[in-house]
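Have the sequence and the 3D view open while you read.

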Amino acid sequence: MARVGLGAALAVLSACGQADFSEQEKRAIASLSLSALGELPHDPSNRFADNPHAAAFGETLFFDTGMSANGAVACATCHLPERQFQDDLALAEGVGTTHRRTMPLANAAYSPWQFWDGRKDSLWSQALDPIEDAAEHGFDRAAVAHRVVAHHREAYEAIFGPLPDLSTVPAHGSPRGNPGAQDAWRRLQEDERYAVDRLYANVGKALDAFQRTIRHQPTRFDRFADAVSAGQEPAGEAALTALETEGLRLFIGKANCIDCHNGPRFTDDHFHNTGVPPVPGLPEDRGRAGIIEKLLADPFNCLGAFSDADEAECGELRFMVTASPELERAFKTPSLRGAASRPPYMHSGQIATLEAVIDHYSEAPKPVSGISQISPVIFTDRGRLALIAFLKTLDDDLSDP
Amino acid sequence: MLRWILGGAALLVVAVVGFMAWRMMAPPPADLDLSRERPTEAGIYQVQIAPQIGPVVQGALHSWVATVRLADGSPVEDAQVTIDGGMPQHGHGLPTAPQATGHQGEGRYLIEGVRFNMGGWWELTLDISSPAGEDSVTFNLVIE
C-alpha cells in the first residue's frame, strides 16, 4: 500500500514537471536527443571512410597487438569495447604510462577534432598518433608497413591496391621514433618515405572506417525527450523521475551545462579552459595552445599529401583559431553520454567522481594559466543529486527509473 | 496529500539557491538590434550580411555573404574585410577564425569559416578598409 502511494506521488511529481516545460526548454530538450543527430558527416579526407571492407580491415587492426613495441598493445588495450571503448584509468597504460585519460569512441567521427587537445583533424590521422607514441604502442611506421605486408596483405590490397616493395626499407624507421628509427628514416629515399607514409595513412583510414561504426545508442533520456517533443506524456521506459527531471532543468537552465555540453552528443566540439588543475609530476600540458604548430605542419592533416580532400573541403583546418589566450590549457568538451559510468573525469583523470566534478564547477577555481571560461555556480545538496540523477539517464547501464 | 505533493514540487523548483553566473544565464537584452543591415560606425559604409545557406545552425561550420556599399548605395568592390566576434555575455571570442575569402562582385564578399558553438547572443564584427576609409560594424545574432 505504501509503495503504491509513493509510486503515485512520484508519478504526479513527474507529470507536474513535464507539463511545466517552457517552449524554450522543450526546444533545448529536443536538441539533446539522439533523434536530432544528423547523418554521420562525410569525410572527404578519407575516400575509404564508408567502405565496409575498410571497416572490417580496420576492426582487425584495432585488435592487432602486433603493432606495438612489446607485442601486447592494440588500440583495444585502452579502448575496451565492453567499456565504451575506454579503460577506466586516469592515465592510459600502453607500453608505458601516458599523460592523458583515454577518450571513449562512440560517434567520435562527428567531431572535427580528435584528442583532448584536438591535435588531429580526422579519425584516420588520429589513429596514426598512438601507434608511434612512446608510451602507447611504441611502434613506428616502417614496422607497421612490414607488418601489413607480412600479415594483412590480402585485406589491404583488396581495398587500397598493390602494396609497395619494401625490400629496401629497414625493419624500423620513423621521423618520430627513437634515434635509431629516426636515423633509418633519414637515410631512406624520398619515394621510399612516401610509400611507407602512404601505407601508414591507409592503415589509419581503415581504422577510421571501423571507428565510424561505433555509435551511441539511445538511452532513457532520449525516449523521454522524444516523447516530450511529440507532445506525449513520457511513460514507462520513457519516464524520468522528479529528481531526474529537476536535474535536466538545471542542466539546460541555471547550471549552464548546456552552453558547452550541447547537441545530441552533449559536446560543442570546442576547447575550453575550465580551471582543471595539472597533475603533479606530469609535464606541462597547455592543451589546445600546445599543439597548433604541430597540427598545421602535420603531413597527415586534411591539407596534406595523404588526404583525399580538396582545399575547399578543409574548412575546419583553414579557419581554426591559431593564436588566442583562450587556447591556453583549453581541452575539448567531452560527450556526457555514458559519462556517469566511466570515472575518473577530465583530460588526465584529475577528478574521481561526478560529485567532485560538480564541486569543481561550483567552485570554478582559477586556472594555473590561461583564462577559465566557467563561473561559480552554487548548488544545494539536492541540486547536486538531481544533476547526477539526470546524467545517469544518459547511461542505460546506470539508468534506474 | 495533493497539497503536500504540490508543496514538494514547489520546493524542487528552488533547489538551486544562488548563482554567481548571472551574466551567463541572462537572456540577451530585450532591445538587442538584430537587423542584418546596418551602417558602419562612422557611416562610411552600409553593410548587409546574410548566411550563404540558411538557417544558421548551432555547431555547423558555415559561410556568410557580406554586401558592402557606400552611403550612396554604390557597391564597394575593393574592400579588405576582416572578421571578429564573440559572446558578450560569456566574455569569449569566436571558436573559429573566419576570413573573407573572395569578392563575388557588386560589393559581395564571401565570409568562410563561421561557427557558433553555443546558443545565445553572439556579435559578429566586420572591419572594412577601402580607399573610402576604414570603418567597422557589429551585428548581433541570437543562436538557439
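In which loop of chain A does A:Ala364 lie? A:Ala364 sits in the loop between α15 and β3 (377-378) of chain A. Helices here are DSSP runs of H or I with at least four residues, strands are runs of E with at least two, and both are numbered from the N terminus.

Before going further, some housekeeping. This is a predicted model, where local features need pLDDT of at least 70, side-chain atom pairs count only at pLDDT 80 or more, and totals for chains, interfaces and linings use all residues. Residues are numbered from 1 along each chain as its sequence is written, while chains are lettered from A and ligands numbered from 1 in the order in which they are written.

Most residues other than glycine have a negative phi, and most peptide bonds are trans. A:Ala364 has a positive phi, near 45°. A:Phe85 also has a positive value, with phi near 60°, and A:Phe85 is found in the loop between α4 (75-78) and α5 (123-132) of chain A.

Are these two buried or exposed? A residue counts as buried if 20 or more other C-beta atoms lie within 10 Å of its own, exposed if 12 or fewer, and partly exposed in between, with C-beta atoms placed from the backbone. A:Phe85 is buried because 21 other C-beta atoms lie within 10 Å. A:Ala364 is partly exposed, since it has 17 C-beta neighbours inside 10 Å.

| Cis peptide bond | Omega | Loop |
|---|---|---|
| A:Pro343 and A:Pro344 | about -5° | A:Pro344: between β2 (331-332) and α15 (354-363) of chain A |
| B:Gly54 and B:Pro55 | about -10° | B:Pro55: between β3 (45-51) and β4 (62-70) of chain B |

**Two loop residues in chain A**

A:Glu136 is in the loop between α5 and α6 (141-151) of chain A. Buried or exposed? A:Glu136 is buried, because 25 other C-beta atoms lie within 10 Å. Two residues count as being in contact if their C-beta atoms, placed from the backbone, lie within 7 Å. Not counting residues up to four places away in sequence, A:Glu136 touches A:Val73, A:Gly94, A:Thr98 and A:Pro130. A:Glu136 and A:Glu93 are 43 residues apart in sequence and 6.9 Å apart in space, C-alpha to C-alpha.

A:Leu166 is in the loop between α7 and α8 (179-187) of chain A. With 18 other C-beta atoms within 10 Å, A:Leu166 is partly exposed. Leaving aside neighbours within four places in sequence, A:Leu166 is in contact with A:Ala145, A:His146 and A:Val149.

On α6 of chain A, the buried residues are A:Arg141, A:Ala142, A:Ala143, A:Val144, A:Ala145 and A:Val148. What covers these buried residues includes α5, α7 (153-160) and α9 (190-211) of chain A.

**A helix pair**

A:Leu354, A:Glu355 and A:Ile358 of α15(A) meet A:Arg384, A:Leu387, A:Ile388 and A:Leu391 of α16(A). By class, this contact has 5 nonpolar, no polar and 2 charged residues. Ala, Val, Leu, Ile, Met, Phe, Trp, Tyr, Cys and Pro count as nonpolar, Asp, Glu, Lys and Arg as charged, and the others, Gly among them, as polar.

**Domains and chain B**

Chain A is divided into domain 1 (2-40 + 219-289 + 319-392) and domain 2 (52-211), with bounds from an automatic or database domain assignment. Their centres, taken over C-alpha atoms, are 33 Å apart. In domain 1, 20 residues are in contact with 21 residues of domain 2.

Chain B has 2 helices and 10 strands. Of its 144 residues, 31% count as buried.
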